[in-house]
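The following note sets out numbered points on the structure displayed below. Please read each point beside the sequence and the model.

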Amino acid sequence: MVKNSFISVISQEEKEENKGSIEFQVFSFTNKIRRLTAHLEVHRKDYLSQRGLRKILGKRQRLLAYLSKKNKVRYKELIGQLDIRKPKTR
C-alpha cells in the first residue's frame, strides 16, 4: 500500500490546533476512506473492512450535511480541496 498517494492539504501546525474542526474531521475520514478503498480492491472479501468503510462514509456524509447547512462557503471550499463531490447544479 502506498501511503504517499494520500492528500495532505492541511499543514502540520493546523493539525495540532484544529483536530476538532469539521474540516479536519472530514479530511481525516477522507484519508481513511481512500486507504480502505485501496485495501478492499486487493482484499475483496474483507467484510469487516467493508462495514468499517460504510460507517466512516456515513459519518463523513453527516458532517458534510451539517457543514452545508451551517456554512455554504466553507462547504464548497472543502469539497473543492478534497475533490469528493461534484457541485450541485440546478
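In which helix is the place of Ser49? Ser49 has its place in helix α3.

1. Basis of the note. The model is predicted, and local features need pLDDT of at least 70, side-chain atom pairs count only at pLDDT 80 or more, while totals for chains, interfaces and linings use all residues. Residues are numbered from 1 along each chain as its sequence is written, and side-chain values use heavy atoms, with hydrogens and water left out.

2. Overall architecture. The secondary structure consists of four helices and zero strands, and the pattern read along the sequence is α-α-α-α. Helices (H or I, at least four residues) and strands (E, at least two) are DSSP runs, numbered from the N terminus. Of the 90 residues in the protein, 27% are buried; buried means under 20% relative accessible area, exposed over 50%, and partly exposed in between (1.4 Å probe, protein chains only). The protein exposes about 7,100 Å², of which carbon and sulfur atoms supply 50%; accessible areas come from the Shrake-Rupley method with a 1.4 Å probe, and for residues only the protein chains shown count as cover.

3. Surroundings of Ser49. Ser49 counts as buried, at 15% relative accessibility. Its side chain is joined to that of Asp46 by a polar contact of 2.7 Å. A polar contact is a pair of N or O atoms within 3.5 Å; within protein, one must be able to donate a hydrogen and the other to accept it, and residues adjacent in sequence count only if both atoms are side-chain atoms. Leaving aside neighbours within four places in sequence, Ser49 is in contact (heavy atoms within 4.5 Å) with Leu36, His39 and Leu40.

4. Leu36 lies in helix α2. Not counting residues up to four places away in sequence, Leu36 touches Ser49, Gly52, Leu53 and Ile56. Leu36 and Gln50 are 14 residues apart in sequence, and their C-alpha atoms are 8.1 Å apart in space.

5. Nonpolar core. The largest nonpolar core has 16 residues, and Val26, Leu64 and Leu78 have the most contacts inside it. Helices α2, α3 (47-70) and α4 (72-82) each supply at least two residues of this core, the largest share, seven residues, coming from α2. Such a core is a set of buried Ala, Val, Leu, Ile, Met, Phe, Trp, Tyr and Cys residues joined through side-chain atoms within 4.5 Å. Leu78 touches Glu23, Val26, Leu64 and Leu67, not counting residues up to four places away in sequence.

6. Salt bridge. A search of the whole structure finds one salt bridge, in which the side chains of Arg74 and Glu23 meet at 2.5 Å, N to O. The pair links distant parts of the chain, with Arg74 in helix α4 and Glu23 in helix α2, 51 residues apart. Arg74 counts as partly exposed, at 34% relative accessibility. The criterion is a side-chain nitrogen of Lys or Arg within 4 Å of a carboxyl oxygen of Asp or Glu.

7. Aromatic pair. One aromatic pair is found in a search of the whole structure: Phe24 and Phe27, tilted, at 6.2 Å centre to centre with 45° between the planes. Rings of Phe, Tyr and Trp (its six-membered ring) pair if their centres lie within 6.5 Å; planes under 30 degrees apart count as stacked, over 60 as edge-to-face and the rest as tilted. Because Phe24 and Phe27 are three residues apart in helix α2 (residues 22-42), about one helical turn separates them. Phe24 is buried at 14% relative accessibility, and Phe27 is buried with a relative accessible area of 4%.
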